[in-house]
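Subject: Structure for your review

Dear colleague,

Please find the structure below for your study. My notes on what was found in it follow directly after.

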Amino acid sequence: MDDYMTLSGSQRRALLDQSLALHGYVCCICGLSIARGDESLQHLTPRSKGGVTTVENTRPAHKRCNYSLQDRTSEGIAAEVHSGLSYFTRPDAPTDKGVPPRESRPLTPIANEGVPRRVVLITGPPGAGKTTRAHELEREHGLKVYDADNAEWNGHHGREFKAALRQIGRDKTARAAVIVSGATRNAREQAARTIDATEIETLIAPKETLKQRIKERKQTNQTIKAQLAALEDWFKRHEE
């Protein structure tokens, strides 16, 4: 009997949540990020071929990818969990995503933990919610936050921050959320290469909305003035 069918809805969800905690919101079939609500549990060896419902035999997947694979085994290309940058190397990939072409490769699991490498580059203007998003990834997926504007890095262009980013790029087990402004396409591309990003998220909203958010922050007038100036500068330099 198919053991998956004996599980209750809450038991299935618990197994999916466990898989997401181990492997993150990354589809094991296409390698792209999974939006909340689009996650499903993929059996590496299909249930129809004797695959059992265990943590070892399951991975997160998009619902559509899971359905498309149906009862085929997860072998060959479909079995590889590719870097999110592989999306931008497809022949039909959009040309304005801010990531240079590069060869895709499997994500590297952390030794003895089965957790894949995940480095998220978060860009956007002041007030867009980059820090909030980064700490959400920290809480939910255990990613370490690297914020260019944090005082510990001596400002946006601090040498220590740049050195930390280069280290992330070399680390085959890195789990990080990196925040930079990334107004220009070149800045995003350079940051993505430096940290060997698996994903890029650009957060943006109408300028007037962002101005209001900045003004509502509990900060000194001098800080707010500086952030408003930075906001104007970001939109002047912004490239899709």
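Predicted model: local features only at pLDDT ≥ 70, side-chain atom pairs only at ≥ 80, totals over all residues.

Two strands are said to pair if DSSP finds at least two bridges between them.

Strand E3 and strand E5 run parallel and are joined by five bridges. Within this pairing, Leu121 stands opposite Val178 of E5. E3 is also joined to strand E6 (residues 199-202) by four bridges, and these two strands run parallel as well. Here Val120 has Glu199 in E6 as its bridge partner.

How many residues of E3 are buried? Six of the six are, so E3 is largely enclosed by the rest of the structure. In a regular strand, side chains alternate between the two faces of the sheet. In E3, Arg118, Val120 and Ile122 point one way, while Val119, Leu121 and Thr123 point the other way, and all are buried.

The next element to consider is helix H4. It comprises residues 159-170, which is 12 residues, and reaches 17 Å from its first C-alpha to its last, close to the 16 Å expected. Its buried residues are Phe161, Ala164, Leu165, Ile168 and Gly169. These cover an arc of only 145 degrees around the axis, which means that they lie on the same side of H4. The face of H4 turned away from the buried side carries the exposed residues Arg159 and Arg170.

Against what do the buried residues of H4 pack? Their partners are strand E3 (118-123), strand E4 (144-147), strand E5 (175-179) and helix H5 (185-195). One of the buried residues of H4 is Ile168. Leaving aside residues up to four places away in sequence, Ile168 touches Arg117, Val119, Tyr146, Ala174, Ala176, Val178 and Ile195.

These elements meet again in the nonpolar cores. The largest nonpolar core has 17 residues, of which Leu121, Tyr146, Phe161, Ile168, Val178, Val180 and Ile195 touch the most other members. E3, H4, E5 and H5 are the elements that give two or more residues to this core. H4 gives the most, with four residues. There is also a second, separate core of 15 residues, which includes Ala128, Leu137, Leu203 and Ile224.

With kind regards,

A colleague

Definitions and conventions. Residues numbered from 1 in each chain as written. Heavy atoms only, no water. Expected span 1.5 Å × (residues − 1). Buried < 20%, exposed > 50% of the residue type's maximum accessible area, 1.4 Å probe, protein only. Arc of directions from axis to C-beta. Contact = heavy atoms within 4.5 Å. Core = buried A, V, L, I, M, F, W, Y, C linked by side-chain atoms within 4.5 Å.
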